[in-house]
Amino acid sequence: MNVSTNVPLGGPAEPLAQRLAELRGPAPQRSLNARSLAALAANPGCHRRAVLDAAGVDKTALAARLGRPAPFGQSPFAIARGVIFESRLKADDYAALLEPLRAHLGLPAGDGAPLEVPDLLHRSGPAVRADRTAEALARAAAEPEAWTLLDHPMLRLEVAGSAAYLEPDALVVHGGRCTVVEIKSFPVLDGSADPAKVGAAARQAAVYVLALQQHAAAAAGRPLAADPYTEQRLPGSPRTSVLLVCPKDFGNRPTAVAVDVRRELATTRRQLSRMTDIGRLLAELPAGTDFDLAADQDGVPARTSEQLTAAVETMPAAYSPDCLSTCELGFHCRARARCDDRVEQLGRGVRGELGSIRTVSAALAAATGADGTDDAAERLAYAAALRAEALGVAVGAGVGAGASAEAGA
Amino acid sequence: MSLLTTLARLQAVRSGRAEPLATVRHRHLSDRPMVLVPLTAAGESGAPLAVMLGTDRDAPRLHLVPQPLNRTLRFDFLAELAADLLPYLESFAGDVEQIEGSEKDPETGEKTQVFRELCADAPQLIVPNGAGVRHLALIGRSTRFRRTVEDEEPGPYPAPARVPLLGRWLTHLTDRAQVPGSSLLLPMTGLLARHWATGQSHLEDQHLAALLAWHAPPPGLTGAQAAERAESARDGQGQLLHPPAGPATDPRFDEFVLAPAIARYDAAVAALQHSAEQRDEAAAERARTAVKDAVGQLEQVLAAVLLPTWRDVWHGLDLLRALPPAGHLEERWTGDRWSYTGHRDRLAAGEPPQPRQDDAVTAARKLAQREREQTRLDVQEALDDPLAMAEHRLAGEAFAGVVTEVVPDYDTTGRSPKPRPLVTLRTADRPHADLGREAHRVHGPSAQKAEIVAVDPAEGTVTLRVLSGMGRRKEPEPGSLPEPGESVTFTLFELTARQSAPLPEPDDTPWTHGGPPGGAPVPAVPSASEEWE
């Protein structure tokens with residue numbers, strides 16, 4: 001599970017960190033996690049999300065202040081179920097986790113080597129935890145015979161100039177290499193699981209693998225392999241297959257499946273590299289813009305909703321209906337897209353279909369044949385004539401009459 | 001999504017209301033459908049929480065599991081559901097008609113006349129959305145292999161007697177729902193989305209209340225505003241004014257309403273147990289009342305979140321019933337009746353439940369059937385509905401126009417000349433009309449094939465040589481050809497689904513597909529004692 005924590009940004013990026021902290025105001029910082037990175041990578045063109053995530057603004061609170069709260073939440077029943085499932089995995093020295101992993105790595109069952117579970121200082125700050133994880137990983141990788149399990153380690157990943165801290169469920173280190181373990185509570189039924197959920201888990205795991213690859217390459221003093229499909233065999237580097245652990249059928253017994261995430265890894269790398277440098281995005285913001293969500297002692301907020309709305313508007317969003325299920329600001333951006341009459345409100349595909357036409361009004365004008373300048377407009381006019389004829393609404397609609405009245409208007 | 005659908009959506013954005021995507025109703029609707037609104041417990045795959053069902057919109061029946069984690073209570077719920085649903089499903093089995101057919105004698109090869117029973121009508125289940133169909137499939141999968149108290153070896157957790165039968169029916173219905181155009185089990189969101197476009201994306205259309213909001217937005221609101229209200233408006237306690245159509249419940253409902261109600265039930269049950277141990281009859285009496293009250297309270301909160309969806313589904317049915325039925329509905333519904341009859345016969349013959357995974361032959365057969373039905377559905381919808389035909393015209397797969405000229409011509413290569421008249425029509429359509437390509441006349445007096453012999457895009461004319469459907473005489477039968485001035489439509493695709501090459505007999509299954517049955521090791525019998533907690 002990913003936990004959001006305070007992340008004091010430090011190191012060389014001081015002016016940037018300073019600017020991001022100003023944007024955020026005194027509110028505690030929300031750290032980027034693998035889920036938000038995967039969502040960001042799915043929509044790399046969204047500057048709004050990139051800046052807000054980099055600044056660590058609490059998007060849930062922001063969405064509420066903008067008047068359209070995020071619809072997300074987790075049922076207490078689902079949380080309870082997740083806890084029970086994870087506790088089952090940890091029973092008997094992680095036996096449920098190790099057996100499938102041994103089989104996956106082609107090792108004999110029960111080779112007797114005891115499992116080491118180093119303390120990773122879970123109560124410390126993320127930077128300390130990340131250092132501790134790196135240390136434990138290096139030590140474990142140095143002993144190929146040993147089995148080491150890093151329970152909720154902390155990884156660091158540079159994203160568009162700012163540091164993100166990631167917390168995988170577990171890492172298993174053996175034979176000098178590590179394997180990412182992702183624990184999910186959706187079931188594997190008769191050997192197959194919901195492809196959408198497996199895909200989301202794979203994208204999330206790919207972010208961890210990328211962070212580990214970067215770390216291993218940096219530790220070995222080598223550049224990261226240019227081809228995302230090559231597996232660099234460096235000490236402590238991750239395998240590109242991750243272990244997905246899920247309940248089997250309708251029970252609570254775990255089953256583990258190896259998932260090859262090389263494709264997701266390649267996509268994530270490409271998308272993250274396409275993300276515009278945060279510094280450049282910040283430079284485009286008008287001076288004095290911030291997203292201060294704090295309130296003073298009397299509960300008077302530092303910024304009014306109008307100020308926040310205006311601040312959010314300074315950053316262009318790339319809305320598509322998929323955002324509604326992945327981004328806290330989805331409802332807000334949808335309302336803006338509707339206000340601006342943009343065609344994206346109907347889906348990503350529609351935009352491609354309509355070519356250079358960007359607004360609903362322009363599309364409907366093209367459909368009446370008023371503006372038949374390009375290919376897409378001409379096709380729309382043709383479609384409108386066919387639709388009017390079929391619905392029998394156009395005046396003088398007949399075969400070949402080139403009906404131009406707008407159907408259903 | 002085609003450009004025509006996109007156009008309809010754009011128009012819906014502008015008008016603020018749903019816009020038609022069909023001029024007729026393309027799915028059969030039963031006179032007595034069973035509406036079923038299921039709810040599932042969060043975090044548990046396929047664990048039922050409650051269901052509201054019935055054939056009378058004014059008399060929904062509610063069944064629920066007071067503690068979704070308790071296996072015994074879950075079985076009690078499934079037994080109740082079976083007792084409620086199975087009589088409906090079985091009520092169509094008795095009324096049959098005899099269908100004449102012929103069968104080849106395997107030894108002599110002679111054809112003999114046989115009669116097969118076909119049920120006169122079949123059941124129809126309507127659920128709110130696609131997730132509801134998947135939930136029923138999960139219930140089917142989790143119950144159809146259960147052993148019951150009536151089995152020789154009931155195993156550790158025997159289920160009530162009719163529960164596996166319910167599982168087999170649900171499996172059959174959800175499987176049939178995969179066949180394009182079938183109507184035994186239909187999700188309301190799918191039905192509405194087929195017939196109307198809203199001014200929102202396909203993704204948002206999965207929310208039944210939001211989808212319906214576009215049909216009847218309250219005065220002063222656009223469809224988009226009404227849909228957003230259905231999606232997100234909450235009351236003072238933070239509960240959604242319009243609960244989601246399920247099967248998943250709103251997390252905040254789980255947290256603030258359902259969890260306390262279940263906790264109250266658990267406490268009452270614990271008190272009852274305690275008093276039984278203490279042999280305290282007075283306390284037990286009090287505890288029994290408390291349990292009853294707790295169940296009553298659960299019924300109340302679950303009914304409150306189910307009823308809005310229940311009404312939505314019936315509202316959707318009203319909208320759909322207002323559309324005239326399409327011409328080919330009867331034919332497709334007959335396929336559903338055969339499907340129902342087939343399952344009835346398999347149950348009567350004592351066949352085992354559907355396997356967890358289909359064998360190669362069954363899987364290939366199902367796939368071929370779905371492909372065939374998809375083709376048939378596309379063609380039939382195009383024939384039944386000018387809007388569906390418009391899709392094909394836009395794609396260049398069909399063209400409509402007015403006949404300008406009919407010139408008699410003859411094929412004199414044979415012993416007697418055959419009529420091969422030339423028909424020219426003026427059309428605004430731009431078909432992919434390569435010379436020599438076959439075209440088929442739509443809604444002619446009989447099936448009629450023609451060949452494209454000339455195309456003039458500048459003039460907008462297409463000339464076809466009619467090849468068939470004119471009778472057997474020297475001159476075309478009167479009325480078999482279109483007259484000048486008449487509107488005609490031709491398609492470039494065939495109007496009857498072509499039979500695919502037959503699959504080999506099960507005994508001839510190639511080794512690539514696992515070989516003949518019996519050769520491969522039979523997969524272990526699915527564990528009847530499968531863990532389910």
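**Note on domains and the chain interface**

1. In chain B, 10 residues of domain 1 are in contact with eight residues of domain 2, contact here meaning that the C-beta atoms of two residues, placed from the backbone, lie within 7 Å. On the side of domain 1 of chain B that touches domain 2 of chain B, six residues are nonpolar, four are polar and none is charged (Ala, Val, Leu, Ile, Met, Phe, Trp, Tyr, Cys and Pro count as nonpolar, Asp, Glu, Lys and Arg as charged, and the others, Gly among them, as polar).

2. The model is a predicted one, in which local features need pLDDT of at least 70 and side-chain atom pairs count only at pLDDT 80 or more, while totals for chains, interfaces and linings use all residues. Residues are numbered from 1 along each chain as its sequence is written, and chains are lettered from A, with ligands numbered from 1, in the order in which they are written.

3. Domain 1 of chain B covers 3–245 + 311–356 and domain 2 covers 384–491, the bounds coming from an automatic or database domain assignment. The C-alpha centres of these two domains of chain B are 42 Å apart.

4. Chain A is assigned domain 1 (14–72 + 274–340), domain 2 (76–260) and domain 3 (352–383), and 50 Å separates the C-alpha centres of domain 2 and domain 3 of chain A.

5. Between the chains, 52 residues of chain B are in contact with 48 residues of chain A. The largest share of the chain B side, 10 residues, comes from α1(B), helices (H or I, at least four residues) and strands (E, at least two) being DSSP runs numbered from the N terminus. That side of chain B holds 21 nonpolar, 16 polar and 15 charged residues.
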